[in-house]
Every structure is written in C-alpha cells, then in structure tokens.
There are 2 protein chains.
Amino acid sequence: MNKAEKNVQRDYKKGYPSPSLQRLPLYLRQLKLYQREGVEKASCTRIAQDLGLISVQVRKDLSMTGIAGRPKVGYNIDELISRIESFLGWDKQRKAVLVGAGALGGAILGYAGFVEHGLSICAAFDVDENKIGTSIRSCPVYSLDELERFVEQNQIVIGIITVPQSVAQFVTDKMVKAGIRAIWNYSPVRLSVPSNVVCETVQLSSSFAVLSSKVKSMLAEERKTGPA
Amino acid sequence: MNKAEKNVQRDYKKGYPSPSLQRLPLYLRQLKLYQREGVEKASCTRIAQDLGLISVQVRKDLSMTGIAGRPKVGYNIDELISRIESFLGWDKQRKAVLVGAGALGGAILGYAGFVEHGLSICAAFDVDENKIGTSIRSCPVYSLDELERFVEQNQIVIGIITVPQSVAQFVTDKMVKAGIRAIWNYSPVRLSVPSNVVCETVQLSSSFAVLSSKVKSMLAEERKTGPA
DNA sequence: TTTAAAGCAATAAATTTTTATCGATTTTTA
DNA sequence: TAAAAATCGATAAAAATTTATTGCTTTAAA
C-alpha cells in the first residue's frame, strides 16, 4: 500500500463497528414488536433467538448504547428502544430532501418506516415538468432549480439521491453547494463529496451478488448430493 | 452460546467472504466503464484508485474468480468482466417473479441494471384489482392467485418480495410452496424459509443507521472543533 | 433459607477480514 | 542489454469482528 492509498483509507474516522450499527435497526424493530405485545422486558437470549443471532453478540451490540440490563431479567424494553434511538440520533427529526421523483423516489417517500427513524422528507425535486407542482405521497415536488433556495431556507441536513446514475454527481454537487451535510445515495455511482459531508450509498446489486452467490452454491451442492 | 444457538449459526454454509462478494459489483461496474472507454487492461492499482480502495484488497477480491493477471500490466478487462459475471452466475439469465407491484416493486422493475446481472423478471403479482391485468415497465401484473401455477409452468427460481411487512411471510410461504428457490426480500421482516431455499434481505434501515451514525459523529466533531 | 437457573458484564479466545511485505515477472527506459 | 519501475501472487501480519468463557447478580424454586 502506497502513501496515496493510505490517505484514502484514513479519510474515514473510526467509530462504532459498522456491522453492529447495521444490526441496531433489527433490534429496534423486534423490540417494538415486543412493546406492541405488551411485554416489558427482554433478554439478549430472547432477542437473539427471535432474530436468529446469538446472545453474546446481541449483548455486545446493545452495550454500544450504554444500557444496563439486569441478570435473569434482561433489559427494559422502553428504555432500550429510546437508548437505541438516541444513539442513532433517531429520537429527533432531521429534515431531508429527495432528488429524483421517479419510481424509486416515490417508493422511499412512501415508506412510512423512515419517519420513525427521524427522517422527515420535506420536499422532492425533479426536472420533469409533469412532476413539478404535483405531490407524491403528500410530499411536494419542486423544480430542481429551487433546490438551493429550499435547502438554505429550511435548514435541510440530509439529501437523498434517487436519480439516474448519469446525473448523480451533478445532483450531489448541487446539494453540497446548497449546504446539505449528509447524502443517502441510491444510485450506483461513487460520489465524491468534500470532507465535511458524509455519504452512504445503498448498493442493491451488492445484495443481489450475495443472493446470487448463495444460489450458486446451493445449486452446486445439489449437483453433488442430489436435489432435496 | 448454547447448543440451540450453535445450530442456528451452523445453518449457513461457509463460502466466500461476504464483504468481498459485495464489492464484486463495484468492480464490475468500473470495469464496464473502462470497457466503454476502449481501455483493454486494468491493474488493481488503477481500479483501487478509482473506487477509493487499496490495491491488495482489490487483488484479493478478484482472485476469487480465478483470474490471472500479468505483472506490470494488470488484467484483461473483457476476461475479468466475464470471470466476475460467471463467478456470480450473472452470465446466464435466471427467471424471477416479483410480488408486490407497488412503488418499490415498480422501481425494481424499472431498474435496467438488474437485467445485466442475469435477473429476468418475468411477471409481477399483486392483489390489487386495479393493477392486475396491467403492465408495469412492460412486465405483466397477474393476480397473486396465479403465482403458483406461473412459477411451476415457467420454472421460476427467484422471488422478489416488495409487499408490506404484514404479508411478507405469507407471500414467502406461497413462493416456497410454488417451488421458488431463492428469495430477495425487500421487506424488513426476517423470513423463515426451509433449508433448501436461500434468502437475502435488503435492509434499507441498516444503511440509514450507518448514515445516521456518521451524521452524529460529524456533528459531535464539529461541536468540539467548530464548524468547517 | 438455601440452592439452582438465567442472564448480564467483562475478558479472553477464535475467526474473519484487511493490510503489509516480499519475491518473481513483465515491461519500459537508459 | 542492463537497470528500473510497476504489479502480480503468495504469504505473513495486523486489525476488526465474532464467539467463548468466567464470575457475579438477580430471581425463583426447593
């Protein structure tokens, strides 16, 4: 590894383990399920069982939030939920805009779950004249030209990118210029952003690659041992 | 970890490192970019640079596919592409159905990229009478009642789930019963499937959790050192 | 009241994944 | 034609992540 490569890597600041962070929403969902069932306490053993994990991992993950559990009892569900939510910053609403009011954009606007994660999508933007002026899922669609003004006036923090890959970097630059600080990117391109802006890309094909690999080894297995 | 927990874990067969698998589509995309530019060879150094990775990691990842590179030159791009594609099984089309012809389903049907990954979505299914009989992105929408017959008659391997979480397990069971062997799940529920069926869940909230964590540490950093 | 069981917390071990190093090979340049 | 530079492939080291172990605490049952 040469010096240039080292600098690339060092750009990311060491925080919490990413696999653990990614499991937190699973716990949250399960805990809310318990909550709806009227259960008040949950042990790691129980949570692990219900999620197909093992208890020590759950315990270690949850310890990130600083919660204390009681032996033989577990954690208080209400407290655990609010601990996780505040750990992720999901306890307060963060304002967002979405650019690209196509099918994918519409799907994200329509997914109610994100509201529970503190994501408040205030407006969508597009260049399509037929969409501008309409509402999608009660979210107004404006012209992309108005992005900058809107972001400034409404102190938007998060930008969601659901445009075709050919214009993803262009939209990113516009967002950055407008003052967006975090970008949730649904396009498959690697966006370049300044160091004071964070970015997270959803790679659907990565997920499909994992599935494909599973399929391949399943089929290979069957050729050896015969179909199930 | 008790015995029951051990069995849960052992259910998955050890294959290739999942992080490596997830990077393969990134390489593929970059390589096709080179290809369109008319470039014939690419070194790990170059690929790493363009993707923000380091060369040894790229080299190790690509070695999964069994490709041989030449020192000082790199890999032949055409060959590397077909190696990756065949490694993932993306070189031959696999037939799929999609259940849940809502916004998310429509977005997936509309994403042309998946065709390049060997994913051939033959039909969509829904229970909404207004959708049944129509076409979305030139993909016919049938009644969910017809799923089983269609899967059997057309030898469908993959099922894509884009329904609300409340019916995800119900749809899964239907798919399994019909003979689907792989499920790509876009709902946030953990699906239970028999051991001869593989399943991969897209967790959008996990991605958002990572972004949220980045935002939190960015903001915390700024409170210490002052805004950029 | 004692004993047993469940489960948390902390620490240690194992595993997986990433990164570094080194020798060999190919190309380019002197 | 020899030396230098780039990069592969393999192996070793380091770091990150997962899993195991141990001791202590709380609850419940004998």
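Which backbone oxygen does the side chain of Ser212(A) reach? In this predicted model, the side chain of Ser212(A) comes to 2.7 Å from the backbone oxygen of Phe208(A). Ser212(A) belongs to helix α9 of chain A, which spans residues 204-225. Because its relative accessibility is 5%, and buried means under 20%, Ser212(A) is classed as buried. With residues up to four places away in sequence set aside, Ser212(A) touches Leu88(B) and Trp90(B).

The arrangement of the two chains was examined next. Chain A is superposed on chain B by a rotation of 180° with 0.0 Å of shift along the axis, and the RMSD is 0.0 Å. This relation is that of a two-fold axis. The same surface serves both copies, since 99% of the contact residues of chain A recur in chain B.

Chain A also contains an open sheet of 7 strands with mixed pairing, in the order β5-β6-β4-β3-β7-β8-β9. Ala124(A) stands opposite Val141(A) in β6(A).

Helix α9 (residues 204-225) of chain B lies across β3 (94-99), β4, β7 (158-161), β8 (182-185) and β9 of chain A. Relative to β9(A), this helix of chain B runs at about 170°.

Terms used. Residues are numbered from 1 along each chain as its sequence is written. Chains are lettered from A and ligands numbered from 1 in the order in which they are written. This is a predicted model: local features need pLDDT of at least 70, side-chain atom pairs count only at pLDDT 80 or more; totals for chains, interfaces and linings use all residues. Side-chain values use heavy atoms; hydrogens and water are left out. Helices (H or I, at least four residues) and strands (E, at least two) are DSSP runs, numbered from the N terminus. Buried means under 20% relative accessible area, exposed over 50%, partly exposed in between (1.4 Å probe, protein chains only). A polar contact is a pair of N or O atoms within 3.5 Å; within protein, one must be able to donate a hydrogen and the other to accept it, and residues adjacent in sequence count only if both atoms are side-chain atoms. Contact means heavy atoms within 4.5 Å. Copies are superposed by least squares on the C-alpha atoms of residues with pLDDT of at least 70 in both. Two strands pair if DSSP finds at least two bridges between them. Axes are lines fitted to C-alpha atoms, for helices over the stretch in contact, and angles run from 0 to 180 degrees between N-to-C directions.
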